[in-house]
Amino acid sequence: MKLDLLLRNANIITMDEDQPRASSLGVWQGRIVGLDSDVDGMEAVTVLDLDGATITPGFIDAHCHTVWFGLGLAELDVSGARGLAELYALIQGEVDSPAGAGVTAGWLMATGFSDQHHQGEFPFIATLDAITGDRPLFIRHNSGHMAVVNTAALRLAGALSPSFTDPDGGVVVRDAAGQPTGLVQETAQSLIQALILPYSIGDIEAALERATRHYASEGITSFTEAGAGGGWIGHSPAELAAYQRAVAAGRLHARAQVMPVLDVLHRLDGHPDDGGGQQSVPSGLDLGIASGFGDAMLSLGPAKVFLDGSLMGETAAVSAEYCSHGHRDNAGNIGYFQASPEQLQEKIESVYAAGWSIAAHAIGDRAVDLAIDIIGSCELKYGRHAMPNRIEHASMTRPEQLGKMAAAGIAVTPQASFFHDGGDGMAVSLGPDRLPWAYRAASFLAAGVTLAGSSDRPVANGNVLRGMQAFVDRKTSSGTVFGNPDERLTPHQALAAYTTGAARATGTESVKGSLTAGKFADFTVLSGSPLTAVDIGELEVLATAVGGRFSHNTLASRRPTPVPAHAS
């Protein structure tokens, strides 16, 4: 056999317990043929001497928003503003720019806003109106659970009408006089987004290319799109078509698992037995397509359902009220569910009956209770699906909830990427008594819960190496350790979160997550070992390969030129 690619002289961390380390690896037709002695004496079309560089399995981001991130790369980025004066100046500059002046009938879109960058303050709607005039403005909060808009946007959405009422699961925030402040929370964002959506398939395809090229530069070979097709997190009913076109055109540079939001699944009037003999009427996609459908580059994951809001926005459903602080009086505020528990139970059970696994966005501990109860009841009625059910974020978990999640086989995706920028703010909001429950890591593993590394990008920085370091040190921007110091992971556990753990959580561990013969040849080449680096986040990604083909490669400038095997 002549291999397609042979890597030599490398420090290979396989994440395979049967063979943890190796120095050479062979690839044929996109799969790993073997390591070390398995490939001794084999010829290859291309041989690379890695000169001691470290190879790990390709990184898997198990929860991110790739289309949103890619679109944001082409929008006004306000994430660097510190203080409202800087924010206003950025918006004014966009309005005054030739491109901005030429499209006054269009929307002004901005991304990356966080009130924590502005001492907890939000922009004043009167100031925004003075800058933007009649041009509607939409500034997405980096949590994704709220946005800032101007009066022109609220007028178009009908939110200024005396008869207007807030939608279920959302709020158009108003001041003491009943006037909108410009802040729209949770499902109320859909009122504004309905005026902007849908994006064209071409725009989404271009966003996917921008985003996944960036992913490749950071060592990411697979990701899960955490909500597509509808709701306030989707961008078009034809979003999956954009993914398909991106694959066909070679514009998708990482393997994608896509979660359709619950909103786009509908009643399937099939045979009565199709619901597993239960009373629930199955809901899903046409032709009975469900979780797992697809191929190596593009497949469907669980159905995404929002149970509550966010900790940053203090809308997550918690069991005790948030602490009041700064400009916020949180007396009586325990967050809220996106719909009644009974409605959520009915909707989730109907899609589970059709074969869909569930990815329940549950951040507060009260929402985690609901997620565990609903998933548990679905498993009792319809059995456990092959693809794991998941609790997205699982940000606040009480000690007694850990064993329940492990027993139900529920995977979790807590984001270490939140610690640096959001940790100090969340600590104030939660208070010292329950802070140890926040964004667990080590205790999940100790309880036997599958822990998947993820970023929630663009809500937070999606750099995987920085995410690993955050799992290890849990440092906030002030330098303090977020939450319970005992929740810190070892470097090996942190690497596992983004490789074997993420593969297990996404139901793909048979083909991903470790460098094992027969699995996809998805790997990342690093300037040093994440197991021994003083700061994992300072390591450099030298190359990234998906199926043995480089999606990112700087090796030519650092390593010997590839040579045919017969000449070596």
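**Entry 1: a cis proline**

I began with Pro 458, which sits in the loop between helix H13 (442-447) and helix H14 (464-473). Helices here are DSSP runs (H or I, at least four residues), strands are E runs of at least two, and both are numbered from the N terminus. I note that this is a predicted model, where local features need pLDDT of at least 70, side-chain atom pairs count only at pLDDT 80 or more, and totals for chains, interfaces and linings use all residues. Residues are numbered from 1 along each chain as its sequence is written, and side-chain values use heavy atoms, with hydrogens and water left out.

Arg 457 and Pro 458 are joined by a cis peptide bond, with omega about 5 degrees. I looked up another one. Pro 198 lies in the loop between H6 and helix H7 (201-217).

**Entry 2: positive phi**

I kept a rule in mind: most residues other than glycine have a negative phi, and most peptide bonds are trans. Then I looked up Asp 51. Its phi is near 55 degrees, a positive value in a residue other than glycine. Asp 51 is in the loop between strand E6 (43-49) and strand E7 (54-57).

Leu 287 is not a glycine, yet its phi is positive, about 70 degrees. I found Leu 287 in the loop between strand E18 (283-284) and strand E19 (298-300). Is Leu 287 buried or exposed? Leu 287 is exposed, with a relative accessible area of 86%. The cut-offs are under 20% for buried, over 50% for exposed and partly exposed in between (1.4 Å probe, protein chains only).

**Entry 3: Leu 435**

Leu 435 lies in the loop between helix H12 (418-430) and H13. It counts as buried, at 16% relative accessibility. What does Leu 435 contact, leaving aside its neighbours within four places in sequence? I listed Ala 427, Leu 430, Phe 482 and Gly 483. Contact means heavy atoms within 4.5 Å. Leu 435 and Gly 483 are 48 residues apart in sequence, but 5.2 Å apart in space, C-alpha to C-alpha.

**Entry 4: H14 with H15**

I moved on to helix pairs. H14 packs with helix H15 (residues 491-505) at an angle of about 135 degrees, and their axes are 9 Å apart. Axes are lines fitted to C-alpha atoms, for helices over the stretch in contact, and angles run from 0 to 180 degrees between N-to-C directions. That makes H14 oblique to H15. Under 35 degrees counts as roughly parallel, over 145 as roughly antiparallel, 65 to 115 as roughly perpendicular and the rest as oblique.

Which residues meet? From H14 I noted Val 464, Gly 467, Met 468, Phe 471 and Val 472; from H15, Pro 491, Ala 494, Leu 495, Ala 497 and Tyr 498. The contact residues divide into nine nonpolar, one polar and no charged. Ala, Val, Leu, Ile, Met, Phe, Trp, Tyr, Cys and Pro count as nonpolar, Asp, Glu, Lys and Arg as charged, and the others, Gly among them, as polar.

**Entry 5: H2 with H4**

Helix H2 (residues 84-96) packs with helix H4 (residues 125-132) at about 20 degrees, with axes 9 Å apart. That makes H2 roughly parallel to H4. Tyr 88, Ile 91, Gln 92 and Val 95 in H2 meet Thr 127, Leu 128, Ile 131 and Thr 132 in H4. I sorted this contact into five nonpolar, three polar and no charged residues.
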